[in-house]
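Morning, everyone. Please have a look at the model on the screen, and then I'll talk you through it.

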Amino acid sequence: MTAFDALGYAGTVLYLANHAYVSLHPSYRETWYFSANLIAALAVVASSLALMSMQAVATNAFWAIISILRLFGKTPALAISVPTLGWQTLLATGVCLTIGWWLDAAIAIAVAAWCSVLLFATAYFLFASGQLAKRHYLIANFVAAIVIMPQLWVDANYPVLLLEFAWAVISAVGAVRADRAARVVE
């Protein structure tokens, strides 16, 4: 294991602990959440750069930037619907993968992964700026995590592949819990 692998796994563990924290607790401390995301993002960016796993670099660099902006109270508003974007991303990914198996699977997987980057980035931005409910944030994260996994396998970016698998599970559990909590309130 290289130093970059160890850094990637350390970032993965921090990300997962932090994602479980925001997903499973009804209330959370924003400063802790965005600070831990910043540290995890920087670790994963360094590890992914060493592997030239560019979708992982892009996603985590964006998360680092948004975390910094949020910590300094500088997240501007953006008018976009993440649930709609999530379904569009999932549909586009399915089309890319289906066509890709007949044409070029590597290109289809890469395009799908870039769609995932867009969904991760948009969801995190909207959540950080208070424009997206936690349940929708978790649903978008579930979809994005599933979509990026084939590219991470191709890149042999196993720290981030493990991260995304666990991220998808945590997001699904958190979304179900948030949905149940919303039904109890109604």
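This is a predicted model: local features need pLDDT of at least 70, side-chain atom pairs count only at pLDDT 80 or more; totals for chains, interfaces and linings use all residues.

Start with helix H2, residues 30-51, and H3. Their axes lie 8 Å apart, and the helices pack at an angle of about 150 degrees. Angles over 145 degrees count as roughly antiparallel. So H2 and H3 are roughly antiparallel to each other. Their crossing is left-handed. What does the contact of H2 with H3 have, by class? There are 16 nonpolar, six polar and two charged residues.

Next pair. Helix H3 covers residues 54-71, and helix H5 covers residues 105-128. Their axes come within 9 Å and cross at roughly 10 degrees. That crossing makes H3 roughly parallel to H5. From H3, the contact residues include Met54, Phe62, Trp63 and Arg70. From H5, they include Trp114, Phe120, Tyr124 and Phe125. By class, this contact of H3 with H5 has 14 nonpolar, three polar and one charged residues.

Now the cavity. How many cavities of 30 Å³ or more does a search of the whole structure find? One. The largest cavity has a volume of about 50 Å³. Its lining is Tyr15, Thr59, Asn60, Trp63, Phe120, Leu163, Glu164 and Trp167. H3 and helix H7, 158-185, each supply at least two residues of that lining. By class, the lining has five nonpolar, two polar and one charged residues.

Look again at Trp63 and Phe120. Both are in the contact of H3 with H5, and both line the largest cavity. Find them on the screen, and you have your link between the two topics.

Notes
Residues are numbered from 1 along each chain as its sequence is written. Side-chain values use heavy atoms; hydrogens and water are left out. Axes are lines fitted to C-alpha atoms, for helices over the stretch in contact, and angles run from 0 to 180 degrees between N-to-C directions. Helices (H or I, at least four residues) and strands (E, at least two) are DSSP runs, numbered from the N terminus. Angles under 35 degrees count as roughly parallel, over 145 as roughly antiparallel, 65 to 115 as roughly perpendicular and the rest as oblique. Contact means heavy atoms within 4.5 Å. Ala, Val, Leu, Ile, Met, Phe, Trp, Tyr, Cys and Pro count as nonpolar, Asp, Glu, Lys and Arg as charged, and the others, Gly among them, as polar. A crossing is left-handed if the near helix is turned anticlockwise from the far one by less than a right angle, and right-handed if clockwise. On a 1 Å grid over the protein atoms alone, a cavity is a set of points where a 1.4 Å probe fits but cannot get out, and a pocket is an open set with protein on both sides within 12 Å along at least five of seven lines; lining residues have an atom within 4 Å of a point. Grid points are joined across faces, edges and corners, and a volume is the space filled by probe spheres set on the points.
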